[in-house]
Every structure is written in structure tokens, then in C-alpha cells.
Amino acid sequence: DGSFITLGIETSCDETSAAVVTDGRNILSNIILSQTEWHERFGGVVPEIASRKHLESICAVVEKALLEAGVGFKDVDLVAVTNGPGLIGALLVGVSYAKAVAYAIKKPLIGVNHIEGHIYANFLENDFEPPFVCLVVSGGHTHLIHMRDHGLYEVLGRTLDDAAGEAFDKIARALGLGYPGGPLIDKIAKSGDENAIAFPVAHIKDGALDFSFSGLKSAVLNFLNNSRQRGVQVKVEDVAASFQKAVVTALVENTLEAAKRVNSKVIALAGGVAANSRLRGELLNRTGGDLEVRFPPVKLCTDNAAMIACAGYYRYKQGFSSDLFLDAYANLRL
Ligand code: KG4
Ligand code: ZN
């Protein structure tokens, strides 16, 4: 048929992913190979291991994505690849691979910003359109963005220290829960009392819509140390729930304020932490009427190549493309 086929490739962190997406939004396949088992014993992602595992798997992951979609390299119209931000060695594997494919099949190549990819997860299998305010919360990023149109972003706020997901991962580690911590805290918090401990919620001065999670992280770690020293048994579920409440409160307050300031009636969530059930629930509770909240399905919130294909497709349709000098940037800005 006449559909436009984008092959998406994502290797910015610890997931090797390839996807086939038609006309920017319809997912034919989205293969995600997680490296978690290789990193969990270290309590976080080890960059060197990530690069090596991407290199081992990238060819098979792409072949599986094509096979599942029922297409071949010859059918691909565009190759979209994450070229930052992320782990530089990990990014380079995807970028080099994508360049080789684009060159071999003589089709255009487009570099995609990973954060933009997360935002575009909202468009997959959906006829959603900008403008809206988007809270992008992942292991590496915490951004409040006003997306006015495709490719048109205004950053309204960002974290001044840790990313929200990073805070989840560090606290999970301190609680002995394992890695990645977000989903584990989300799960056990359900059986805890979130009002058990009043952890601090950082308010940034001067009305900025920025975030700070390092104070909260220290408060939780101090609480755990003090309890241990005094021989007091802590209820892990209560600590997890109280910590999660503090994070969610900070995220939701700023997001609602951002929507008010730019007079946006639509709020979207993106990134791994957008999978958090407490965050989704709180935003749903605090919106309604003429203020709407949207989020991608859980599976598309965390790193995947379908979102990269989607973002790449729209960039390409706007007239952008990359050449074979495309490079990877650990700190690429939106
Ligand atoms: O977007 P993502 O897959 O990777 C980055 O670009 O960083 O996000 C991963 C992050 C991890 O920190 C993980 O703990 C967090 O998202 N996460 C969650 C949940 N699921 C994943 N955090 C809170 N609640 C969840 N349900
Ligand atoms: Zn991500």
C-alpha cells in the first residue's frame, strides 16, 4: 500500500529498541530488549556495559522489528535514530548502525532528540495534536514543556539537580528494592501510608517552574539512617509511599501552574515516570472540566523506538533530514 514506513532506532540508555511505524503513528512493531539483568546488580546503568550490549543486539533487534512488521529493508522510507541526550557510547551504537542502514538502502536519515521522542509517544495510535503542556519525567530528565506545534517547544521549567526517575531509583536502592526503582516503589507504595512521614516538597523561589529533588532524597536517606541508628524498624511501604507523595506533589503543582500560565487546556505526560500510577491518578483528580490530561500507555512511556520513529517522521515531514555526518551528543538540547 501507499503508507510511509519509518524504521526507528533507540539506544540512548539501557534498552536496545527498533520499531516499524507507518505514517508516523501506526505501530507495526516495537521491539524492546531490556538490559536490566546486566545492570541491576550494580544498582544502576553501567555505561560501558550498555554500549557493549547494544552492539551485541542491535542487528537482531532491527531484524526482529522488520520481521514482525512483515516488511524488509527495501520497504523502509526513512531511518530515524536517537542522537542524544543519553550515554554517549550507547548513542553511538544506534547512530552508527542507522547511518549504515540509510546509506545501504539509499533512504533519508533523521536524528531525533530523545526528549522529543518521549513527547511524541503521546501521538502513537492516537489523533492527539499540539498545543499542550507536557511534563517529561524520566530517569535522566524532568522538564515542563509548552509544545506549541510540531517541532516548536518552550521549556517552562526543569530540574535543578536530580531527575524524578533518578530520585525514584536512588530511594529504591536505599530501601533495598532493586533496579529500576520506579515501578517497584509504585507497587509497594500501594500498601503503605503516604501520610506516615512528612517529607519536604521543594518550592523554588521567584515563581520559577523548576524542580529540585536532592533535598527530598537527602531527607529520605537521613530518615533511614536515623531510624537505623536508633534501632527503629521502618516500614518500607510507608517510606516508599511518603516519598512518592512528595515527588508527585511537586510534579503536579508545577504542571498545573504551567498550564495556567500559558493558558493551556491540555496537559500531557511523557517519560518513564509518566507510568507512575500515583502521578496519573493525582493529575486525573486535579483536572477535569475544561482541563484535560493525556498520557501514553505504560509500555510507550519508557524508552522505545516507536516514539523515535514518530518524532522522526514529523521532523522529516517538516523538511528536516540528517546527513551521514550525523553525530551523537550526550547533552543534546531540545
Ligand atoms: O524514559 P525512561 O525509560 O528512560 C530515560 O530516558 O531515563 O525512564 C526510566 C525511569 C527510571 O528512573 C524508572 O525508575 C522510572 O522511569 N519509572 C517509574 C515508573 N516506571 C518507570 N517511576 C515511577 N513509577 C513508575 N511506575
Ligand atoms: Zn527515556
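Me: Which residues is L78 in contact with, once its neighbours within four places in sequence are left aside?
Reply: Those residues are T6, K107, P108, I110, G312, Y313 and Y316. Contact here asks that the C-beta atoms of two residues, placed from the backbone, lie within 7 Å. Please keep in mind that this is a predicted model, in which local features need pLDDT of at least 70 and side-chain atom pairs count only at pLDDT 80 or more, while totals for chains, interfaces and linings use all residues. Residues are numbered from 1 along each chain as its sequence is written, and chains are lettered from A and ligands numbered from 1 in the order in which they are written.

Me: Why does L78 count as buried?
Reply: L78 has 23 C-beta neighbours inside 10 Å. A residue is buried if 20 or more other C-beta atoms, placed from the backbone, lie within 10 Å of its own, exposed if 12 or fewer, and partly exposed in between. With 23 such neighbours, L78 therefore counts as buried.

Me: Why is I32 called partly exposed?
Reply: For I32, 19 other C-beta atoms lie within 10 Å. I32 is found in strand β3 (residues 26-34), and its contacts beyond four places in sequence are E15, S17 and N304.

Me: What makes β4 largely enclosed by the rest of the structure?
Reply: Seven of the seven residues of strand β4 (residues 78-84) are buried, so the rest of the structure largely encloses this strand. Strands here are DSSP runs of E with at least two residues, helices are runs of H or I with at least four, and both are numbered from the N terminus. L78 has its place in β4.

Me: How do you know which strands pair with β4?
Reply: Two strands pair if DSSP finds at least two bridges between them. Strand β1 (residues 5-10) and β4 are parallel over four bridges, and five bridges join β4 to strand β5 (residues 109-113), again in parallel. V81 of β4 is the bridge partner of I9, and on the β5 side the partner of V81 is G111.

Me: What makes β4, α3 and β5 a right-handed unit?
Reply: A crossover is right-handed if, with the strands pointing away from the viewer, the path from the first strand over the helix to the second runs clockwise. The β-α-β unit of β4, helix α3 (residues 88-105) and β5 is right-handed.

Me: How do you know which way β2 runs beside β1 and β3?
Reply: Six bridges join β1 to β2 and eight join β2 to β3; β2 runs antiparallel to β1 and to β3. A hairpin of four residues joins β1 to β2. In the hairpin of β2 and β3, with three residues between the strands, D23 takes a positive phi near 50°.

Me: What makes helix α5 largely enclosed?
Reply: Eight of the 11 residues of α5 (residues 164-174) are buried, so the helix is largely enclosed by the rest of the structure. Among the buried ones are F168 and I171. Their cover includes β6 (132-137), β7 (142-149), α6 (181-189), α7 (214-229) and α8.
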